[in-house]
Amino acid sequence: METMTTSENPTAPDAAEHSRSRTSEAVAARADRTAKHDESDKRRMSERRAEQEGRTQVRPTAEGWTQAMAPDGRPKLEFKSKPRVSQPPVHLADLSLPERQAKLKELGLPAFRAKQLSVHYFQHYTTDPETMSDLPKERRSELVEAMFPTLLTEVKRLTTDNGDTIKFLWRLFDGSLVESVLMRYPGRVTLCVSSQCGCGMNCPFCATGQAGLTRNMSAAEILDQIVQANRVIAEGGLKGGRRDGGHDAERVTNIVFMGMGEPLANYKRVMTAVHRMIDDAPEGLGMSARNITVSTVGLVPAINKLAEENIPITFALSLHAPDDELRDELIPVNSRWKADEAIDAAYNYYRTTGRRVSIEYALIKDMNDHAWRADLLAKKLNARGRGWVHVNPIPLNPTPGSVWTSSEPDVTDEFINRLIDAGIPTTLRDTRGKEIDGACGQLAAAE
Ligand code: SAH
C-alpha cells in the first residue's frame, strides 16, 4: 500500500494529465471520482492505524496563510526564479583563481594581485581597502569595488544559547532577506546557510516556503555567509570571545545547507560554492568536504547527479513521512518523486559514494509520529541494506497549539526506540535557537 509507485497511483500528475488528454470529459470525470474515492480510502487506512495505537491522525493544513496552488489543484512547485529578477554583481568568490587573474588582467593588473585579494577575503575575511597594505594604494578602492561588491548587509543579529548560537538576517542587493545560523559545539562550529531567496517547494510546515521562490542565490552570496560568520568569530562574536591566536584559532568548520531554499534546485551555483568551500586557501576556504551537508526535499535526478560528482560531501534527505499518503501532503514535491524513489536515490548516493546518508524527520504531533510509521520507515530502510543510513529526527519548531506542534516526549522516545530496535542508528537532533525564531525562514518572514 505504502509503496505505491507513480504508475500505480491514480492521483499522480502524470497519470492525471495522461487521462485528461486522451479521454472524453465524462471518462475523465469518472477517473477523478475514482481518484477521490481512493484518496479517502487511503485516509481511512491511516486513521484506522492511528486508532489502533490509541492515537489520532492530524492532517497537514496551512494555518494563517494560504498555500499557493497550481492549476492542477495541487500545491504549486517553483523550480525557476521569478521572471525578470536580476542576479547580483559578480564577486571574487564567484570566480576560480584563473578567472580572477583574467579579470585583473582586464583591469590592467598583474595576475599575482588575484592571490593577494583572495588572501584578504578567504583568509583574513576582509574587504576593507584600508587593511590591504600589500596593494598599490591608489588602486585599492577601485579594486575592492570591482572584486568585492557588497553582497550581504546585516539587518539583524540575535544571540542565544549562552552566546553559542547567533542568527543573522541579511539583506541582499535587491532587498531579498535571507538567514544564516552560526552554532558552536564542542569541537566544531557549524553554519546553516541559505541557498535561495525564498523557496519554491511549498512545504506547509516551513516558514520559508510560504512566500514562494524569488530567485537563486549566487555562489558568492552563499559563500559570503561563511566569510561574514568567520569575521564575526574572529572579532569575538561567539561566547568566550576571541580564542588565542585570533581568527585562525576558530572558524566555521561545518556547513549545512539547511537554511532558506532548496539547494538542489540551485544546483550549479550551490556546486560552485561547495567547490570554493573545499578549495585550498587562498582559492577557497580549505574546508573538509565531509563536513558539508546538502539537504534536499528529494529532487531525485539532482540527487543522482550529486552522487556522480565525486566529492565526499554528506547527503541528507528530508523524508518526514515514509508513506506517500502523508508525504504527498507534507512535501508537495512528492507528487513528482515518491517516498520510495527518494529513498532509492539516497541509497544510490550511499552506493556510489560510500558515504552514509541521513534521513531528516521533523516529528509533528499526531501527524507523522505514529509507531507504525517508525516501523514502516525502518522496514523501508532495512529493505535496501544495513549500515547505509541514519535517521535524524528533529522536534518540529512549533507554533504552539496549531496542528503543527512538536511530538510529546514519550512519543518521540517511542519513535526513536522503534528505529533503534530495528537496527537503524537514530539520533535526535537538538533544536538550537528556538527562542530566536530558529526555524527555517521564521526571521525573514517576521521582517
Ligand atoms: N530544502 C531543503 C533544505 C532546507 S530546510 C530541505 O528541505 O531539506 C532544512 C530542514 O529543516 C529540512 O529537513 C526541513 O524539512 C526542516 N524544517 C523546515 N521547517 C521546519 C520546522 N518548522 N521545524 C523543524 N524542521 C523544519
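## The sheet

Two strands count as paired when DSSP finds at least two bridges between them; strands (E, at least two residues) and helices (H or I, at least four) are DSSP runs, numbered from the N terminus. In this predicted model, nine strands form an open sheet with mixed pairing, in the order 1-2-3-4-7-8-9-10-11. At the edges stand strand 1 (153-160) and strand 11 (389-395), each with a single partner strand, so one side of each has no neighbour in the sheet.

Let's look at one pair: strand 2 (residues 165-171) and strand 3 (residues 177-185) are antiparallel, joined over seven bridges. Here R171 stands opposite L177 of strand 3. Helix 7 (residues 267-278) packs on the sheet, where it touches strand 7 (254-257) and strand 8 (292-296). Its direction makes about 175° with that of strand 7 (axes are lines fitted to C-alpha atoms, for helices over the stretch in contact, with angles from 0 to 180 degrees between N-to-C directions).

## The nonpolar cores

A nonpolar core joins buried Ala, Val, Leu, Ile, Met, Phe, Trp, Tyr and Cys residues through side-chain atoms within 4.5 Å, where buried means under 20% relative accessible area (1.4 Å probe, protein chains only). The largest one has 105 residues, and L182, V252, I255, F257 and M277 have the most contacts inside it. Helix 6 (residues 219-234) gives the largest share, nine residues. Another core, of five residues, lies apart and includes V181 and V256.

Beyond its neighbours within four places in sequence, F257 is in contact with residues including V193, I222, V274 and M277 (contact means heavy atoms within 4.5 Å).

## About the numbers

Residues are numbered from 1 along each chain as its sequence is written, and side-chain values use heavy atoms, without hydrogens and water. Local features need pLDDT of at least 70 and side-chain atom pairs 80 or more, while totals for chains, interfaces and linings use all residues.

Notes: Buried means under 20% relative accessible area, exposed over 50%, partly exposed in between (1.4 Å probe, protein chains only).
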